[in-house]
Each structure stands twice: as structure tokens, then as C-alpha cells.
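Subject: Handing over the two-chain model

Hi there,

Here is the structure I promised to pass on to you. Have a look at it first, and then read on for what I found in it.

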Amino acid sequence: MDSALLSLLAAFLLSILGLFAFIWSLRKGLLVENVKAASAIFVKGEIGQVDDPALRPAAQASLQAAAMEPGDAAHVPDAQEVEERLAADRSSAFPVFMFIAFGCMWLLFGGIAGLTASLKLHWPDWLVSEAWMTFGRMRTMHLTAVLYGWITNVELGIIIWLMPRLLRRPLMGPMWIMLGGALVNTAIASGIGAIGAGWTDGLEYLEMPWQIGIFFAVGMVCIIVPVMYTLINRKVESLYVTTWYHTAGLLWITMLFIVGKLPGVHFGVQQAGMNWWYGHNVLGLWFTPVAVGAIYYFLPKIIARPVRSYNLSILGFWTLAFFYAQVGGHHLVGGPVPGWLVTLSIVQSMMMIIPVLAFTINMALTMKGRMRLALYSPTLRFVMFGGFMYMLSSLQGSFEALRSVQQVAHFTHFTVAHAHLGAYGFVTMVLFGAIYFMMPRILHYEWPFPKLISWHFWLASIGVMIYFVFLTYGGWLQGLAMLDPARPFMDSVAVTLPWLQWRSVGGGLMVASHLIFVGHFLAMVLRFGPNRAGAALFSTQARAMEVVHGE
Amino acid sequence: MENEVKLTTGAMVTFAIAVSALVVLPYIQVRGVEAPEGLKPYTSAELRGRASYIANGCMYCHSQQPRSESFAPADAKRGWGRASVPGDYMYDRPHLLGSMRTGPDLFNIGVRQPSKDWQLGHLFQPRAYVPGSIMPSYPYLFDVKDEADPGEEVVNLPPGHVPEGKVVVPTPEALDLVKYLQSLKRNYPILPPQPREAEGAKTSSAPMAAQPSSAS
């Protein structure tokens with residue numbers, strides 16, 4: 001079909017769909033504010049009671065004092081509902097702990113592999129004697145470990161932990177989820193081993209051989225079924241926005257993975273199109289929705305205020321679902337693929353500004369006048385930093401998709417810097433915050449050394465900023481040199497060198513922060529450090545304390 | 001109940017739209033494309049070399065998709081060749097278009113640098129040929145020994161890169177990899193009607209500049 005006709009048809013269909021969506025939302029009264037739905041994360045009487053489990057009672061008290069607003073004092077959380085939430089937490093504790101523990105292991109491994117790959121770019125004769133050490137394999141092991149090992153595991157943990165909380169009923173079929181988690185991690189470990197040994201499917205983000213991918217897909221199905229079953233048997237009436245994001249994310253990643261891995265179907269440029277449809281959707285339809293959903297839970301929960309607009313958050317969900325799914329083609333600008341495909345993806349990349357603004361406005365209004373609370377709560381600091389980076393990386397991504405920008409930025413480290421702003425600055429920082437929140441509830445034990453949380457935050461955030469700023473600049477220089485026919489290609493290599501070294505510095509800080517974080521995690525799990533909250537996993541005393549604190 | 005039905009169907013519908021647009025439509029559009037006459041299928045040695053290219057992750061630094069002259073004029077000027085078309089990739093499973101140019105595009109490396117000696121030596125030690133290169137060296141694709149066994153080749157390296165009294169012998173894997181690189185010659189004519197009319201994506205017929213002395 002003629003591509004002009006095709007784009008016209010697509011634009012027409014798009015407008016019609018938008019019109020229907022608008023009419024439908026008017027009919028459903030969605031444009032009227034819905035405070036009840038936004039407060040679904042709190043039990044009765046809990047609004048105004050701050051909640052940061054990573055804080056000591058004294059620190060919690062000062063956060064509470066800072067968060068006080070007129071009319072707060074009178075409420076007492078409903079004991080029955082708190083009990084229900086404790087039951088929900090108990091039901092998910094073990095599987096969630098498994099996912100987080102696996103995630104931490106992969107973070108440590110993946111970070112070190114990434115730093116090694118980064119160093120190899122400016123020390124090209126370092127660690128070259130064995131095939132598994134070469135840059136091409138090291139970088140891919142890094143990618144698989146952090147994307148599938150770290151982010152996917154921890155996001156699964158967050159989903160499994162929040163589902164029962166938000167649906168107000170214990171998790172169903174936790175054993176199936178454990179089995180699924182075991183399969184998923186078997187696939188990740190085998191995938192990394194295979195890549196190291198040189199067995200790969202050779203597609204970016206889809207390197208894990210499809211034979212191993214079967215374990216991943218089956219594992220995801222084992223996780224989805226109990227989650228859906230819990231969803232259907234929920235006790236709450238309407239779903240909170242986090243549940244929307246999380247359920248959809250689970251379905252999307254599984255479908256994406258299965259379509260992307262279908263053996264023997266994809267070939268040539270079509271495969272390239274599929275490859276980037278997958279590559280960008282892993283970020284757009286899995287990492288992003290789960291992390292955004294997590295922000296929608298943890299941020300209001302910590303500061304004890306519902307998000308400003310529930311409807312805006314739902315608008316964000318649907319626009320993200322529609323636009324983000326189609327942005328992948330912009331990775332092939334200037335490539336041998338049909339022009340309409342690239343144009344479609346660029347248009348949808350720009351449309352992504354809508355969900356991002358919906359999120360940003362909502363969060364800005366929720367946090368308005370309450371920003372200083374971040375001083376009291378490191379957990380909140382992580383989540384806020386992540387939310388801010390979401391806005392930044394998404395807006396950057398929208399403009400980066402434009403042909404004029406791509407002309408320079410495509411094929412350079414600029415893109416790599418952008419990817420890390422999204423996957424680390426945004427997603428990983430949110431995951432850190434979520435883990436700091438969840439772990440004390442899962443283990444009934446405090447983080448033994450709260451100072452380390454601050455160290456972790458500053459090392460990680462400064463590290464990723466150094467990484468992003470310097471590599472972005474170096475990548476842009478590289479692109480300009482590459483685009484200029486008068487300059488030899490080697491110029492585009494030479495200009496990046498100082499910035500590649502700075503990237504290693506940033507990466508070094510990030511790895512240092514991981515060492516602190518994982519060490520702290522281990523200290524907590526192994527009960528090192530001062531014992532404050534009582535040791536036993538299911539000690540009644542520990543629970544009693546949570547009830548008193550209104551959890 | 002309404003909520004989760006809405007959620008699941010909605011999520012699947014948006015997903016289906018995206019699959020149709022980015023996976024199914026290109027599939028239909030490209031399915032009919034035929035390989036240009038000048039393009040030959042890879043030989044088994046070249047395929048082994050290609051597998052080694054993939055296993056060692058060459059595609060993470062080298063693209064195989066020269067851009068058009070109107071969009072990025074430097075590509076053709078550097079001797080990377082005309083803009084590629086879907087037909088060029090008919091035998092490519094998996095595709096190796098690549099997304100980075102930490103090193104130069106290799107779509108036509110067989111035209112630009114046909115020398116086997118150069119390719120072998122460059123794999124053994126890139127900096128012996130291209131000063132300032134940040135490509136890793138691949139000593140594990142070679143044997144360094146006292147003397148070559150009968151039937152083995154010796155890599156001719158510039159002085160100073162081989163230990164005193166030793167010779168460098170390529171493994172069969174290195175030889176296959178070089179055969180694959182030498183096979184990357186897309187300088188045959190292509191037929192004009194190709195599905196890429198987007199602005200800045202016109203195909204060009206820039207003559208290939210053969211520069212056997214430089215790898216960039």
C-alpha cells in the first residue's frame with residue numbers, strides 16, 4: 001500500500017479513536033474528580049499518618065511532625081483494616097523476598113560487568129585473553145543481568161507485594177509464584193552463561209537464546225495466573241492506578257517476550273523492526289509502567305496524602321498504553337525500513353509527552369508545599385529522584401526521536417546515556433526506594449545502619465548524573481564528528497575518549513553504591529548490626545509494633 | 001468485575017495495535033521483497049564467520065546500514081556504500097543492522113578492505129594498523145607459537161606486535177570470520193522501487209570508494 005495513504009488512514013483511525021475515548025470518558029463522568037479512588041492506598045483514618053518503614057521511630061516522628069497539616073490529629077487508623085493489610089503482607093512476604101534477593105545478586109553482578117565493559121572501551125587491551133571477557137560479551141552480560149536480573153526481579157517483587165495490599169486480600173497461589181520466580185531466574189542465569197559462552201540469538205535486548213527463553217516465558221505465566229486470580233477475587237471495589245499499571249505491565253512483558261522470541265518467523269529488516277519494537281517496549285511497557293505504578297503507591301503513602309488527581313493518573317495510563325507501544329521504530333531512523341514505520345514511531349514518541357505531563361502535573365500537585373519532606377525520608381528521596389528523572393528522560397526521549405536530532409545522536413553514546421538515565425536514574429532509583437520501604441515490612445526487622453541509606457543515595461545519584469551528563473556531551477561530539485565528511489572517522493572515536501573515562505568514574509560510583517546497598521541488605525537479612533525490632537520473622541511482638549505505628 | 005475486563009482488554013488492544021503496526025505490517029510489506037541478483041547467499045564458511053561475529057558481539061559497535069546521502073552524507077563519503085535496502089538483508093538471520101558506531105559501519109567492509117592479511121592482523125591487534133583505535137584485540141582467535149605447523153598460515157604483522165621468535169597463527173574461527181568480513185560487498189545494482197520514501201531516506205547510487213589502505 002502507498003505509504004502516504006497508510007499514514008493518512010492511520011491518522012484518521014487515531015482521531016476517531018481519540019474522539020470515542022473522549023465521548024466515553026464524558027459519559028462515565030471521568031472528568032469529575034474522584035478522591036475516594038485516589039485514597040484507596042490508605043486504610044480508614046490513615047491519611048495524615050506518614051509511613052516510612054526505613055526510618056527509626058525518632059526519625060519517623062520528625063517526619064510526622066513535618067508532614068502535619070490542619071485536621072490530621074483526630075483520626076485513628078481502622079484496626080480491622082490494618083490487620084487485613086498485615087495478613088496481605090504476610091501472604092506475599094516469602095515470594096517477594098525471593099525476588100528482591102535475586103534482584104540484589106544480579107544488581108551486584110550486572111553493575112560490575114557494566115563497569116568492566118565501560119573500562120574496556122578506553123583500555124582496549126585489558127582482559128582480552130578469554131572470549132567471555134571480550135567487550136561484546138561483557139556488555140551483553142551486563143545488559144541481561146541488569147535488565148532481566150535486577151529490574152525484572154525487583155519489579156516482580158513490587159508487583160507481588162503491592163497486589164495483595166491494594167486488593168485487600170491475601171495473595172493466592174504463592175507457591176506458583178515461587179515456581180515462576182525460580183524458572184525466570186533459571187532463564188536469566190542460563191542466559192548470561194550462554195552469552196558468556198558465545199551462544200546468543202544476536203538481537204539486542206533479546207540475546208537470551210530462545211530455548212532458554214521458554215523457561216522465562218513459562219515462569220512469567222506461572223506468575224501471572226495467581227496474580228490474575230488474586231485480582232478477580234479482590235475485596236476492594238475499584239482498582240487503584242498502581243494495579244492498572246502493574247497488571248498491564250505483567251501481561252505486556254509476557255506477550256512481548258513471546259512475540260519477540262518466536263523462532264524462525266522474523267528475518268531481515270522486518271526482524272530489525274520487531275527488534276526495536278521489543279527493545280523500546282521492554283522499557284515502555286514493562287520497566288516504566290511498573291516503576292510509575294510504584295511511584296503512585298509509595299510517594300503518596302510515605303507523605304500520607306492521596307495523589308491529587310486519580311483521573312489524571314488513569315489518563316496517563318491509557319495514553320502510555322497506546323502511544324508507548326509504538327515508539328520503537330525511531331531506532332531505525334535513516335535505516336532500510338519503510339519510511340511510514342519510522343514516521344509513525346516519531347509521532348508516537350512526541351505523543352508520549354501527554355502521559356509524562358499527566359504524571360508530572362499530578363506528582364507536582366501532590367508534592368506541592370511538601371517537597372521538604374524529602375529531607376526527612378531517604379526512601380522518599382529515592383522515589384522523588386526517580387519520578388523527576390522519569391520526566392526528564394521521557395521528555396528527552398521524545399525530542400531525541402526527531403529526525404533532526406537523530407541525525408547526530410543516532411549510533412552514538414548519546415543514546416547510551418539516555419538509556420541509563422531511564423533505566424537507572426528513573427527505574428532503578430525507584431526500585432531502591434521501594435526496597436527500602438518494603439524490606440522492613442517483609443522481614444519485620446529494621447534496616448540496621450540508616451546512615452548507609454544516605455550514602456547509597458548520594459553515591460548512586462551523583463554517579464548516574466556524572467554518567468549521564470558527560471556521556472551525553474561526548475556522544476553529541478561523536479555524532480557531529482561522524483556526520484562531517486571532512487573529518488576522518490577516527491576523529492569520532494578520539495573525541496569520545498575523555499567522556500568514556502568519565503563514564504567509568506560515574507559507573508564506579510554507582511557500583512560503590514551497589515556494594516553499600518547489597519552489603520546493607522545482607523546485614524539486614526543475616527541480622528547483623530544492632531538489634532532493635534526483635535529478630536523473629538513472624539514474631540508477634542514485631543507485628544504489634546506495626547499496629548501501634550498505624551503502619 | 002468490569003474493571004479488570006476493561007483493563008485486560010484495553011491493554012491487549014493497545015498491544016495488538018502496536019504489534020500490527022510495528023511487526024505484522026512490515027512483515028507483509030517486506031515478505032514480497034526479493035534478494036537483488038548480485039547478492040549471493042553466504043557460504044558455509046561465511047556463515048560460520050557470521051556466527052562468530054554474533055557470538056563476540058561485533059554488532060554492538062559496528063552497524064551494517066549506511067544511511068542515504070541526503071540524510072547523512074558522510075556515510076557514502078567514507079566509502080561505506082549506498083544506502084541499504086530491504087533486499088540486501090534477505091539472507092540475514094538474525095539481522096545485524098546494529099545501533100552503535102563506536103567503530104565504522106561494516107556493510108561494505110569487503111569492498112573497502114578486501115585484504116585478508118590486514119583483517120587478520122587487525123583482529124589480532126587493531127592498534128597495529130589503526131592508531132587510536134579502541135577496538136578490543138582478539139588474541140583468543142589466534143595461536144602464538146614457535147613455528148607454524150605444516151598447512152598453517154602465519155599472520156603478517158607489522159614489527160613490534162609479535163613476541164620475539166614467535167609466529168601468530170590464526171585459528172579456523174578467525175579465518176572464517178575474515179571470510180565473512182570479506183563477503184560483505186553490497187556494491188551490486190539494485191532496482192529502484194523500494195519501500196522507503198520518507199524524507200531524507202532516498203536511496204543513492206554513490207559509487208563505492210575503494211580504499212584498501214584505510215579501515216575507516
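A word on burial to begin with: a residue is called buried if 20 or more other C-beta atoms lie within 10 Å of its own, exposed if 12 or fewer, and partly exposed in between, with the C-beta atoms placed from the backbone. Helices (H or I, at least four residues) and strands (E, at least two) are DSSP runs numbered from the N terminus. This is a predicted model, in which local features need pLDDT of at least 70 and side-chain atom pairs count only at pLDDT 80 or more, while totals for chains, interfaces and linings use all residues. Residues are numbered from 1 along each chain as its sequence is written, and chains are lettered from A and ligands numbered from 1 in the order in which they are written.

Let me start with chain B. It has 6 helices and 2 strands, which run α-α-α-α-α-β-β-α from the N terminus on. Of its 216 residues, 46% count as buried.

Helix H6 of chain B covers residues 172-183. Its 12 residues reach 17 Å from first C-alpha to last, close to the 16 Å expected at 1.5 Å a residue (the expected span is 1.5 Å times one less than the number of residues). The buried residues in H6(B) include Glu173(B), Asp176(B), Lys179(B) and Tyr180(B). Among the elements that cover the buried residues of H6(B) are helix H2 (44-55), helix H5 (116-124) and both strand S1 (142-145) and strand S2 (167-170) of chain B.

Those strands are worth a look too. S1(B) and S2(B) pair in the antiparallel sense over 4 bridges, where pairing requires that DSSP finds at least two bridges between two strands. Asp143(B) has Val169(B) in S2(B) as its bridge partner.

Now for chain A, which comes to 19 helices and 0 strands. Its radius of gyration, taken over C-alpha atoms, is 23 Å, close to the 24 Å that the globule rule gives for 551 residues, so chain A is as compact as a globular protein of that length (the rule is 2.2 Å times the number of residues to the power 0.38). Buried residues make up 57% of chain A.

The 24 residues of helix H6 (174-197) of chain A should span 34 Å, and the end C-alpha atoms are 34 Å apart, which agrees. Just after H6(A), Gly198(A) takes a positive phi of about 95°. Helix H15 (413-443) of chain A bends by about 30° at Thr428(A), the bend being the angle between axes fitted to the seven residues ending there and the seven starting there. Of the 31 residues of H15(A), 28 are buried, so this helix is largely enclosed by the rest of the structure.

By contrast, Lys368(A) is exposed, with 9 other C-beta atoms within 10 Å. Lys368(A) sits in the loop between helix H12 (353-367) and helix H13 (378-400).

How do the two chains meet? The contact takes 73 residues from chain A and 68 from chain B, two residues being in contact if their C-beta atoms, placed from the backbone, lie within 7 Å. Helix H9 (268-303) gives the most to the chain A side, with 9 residues.

Best wishes
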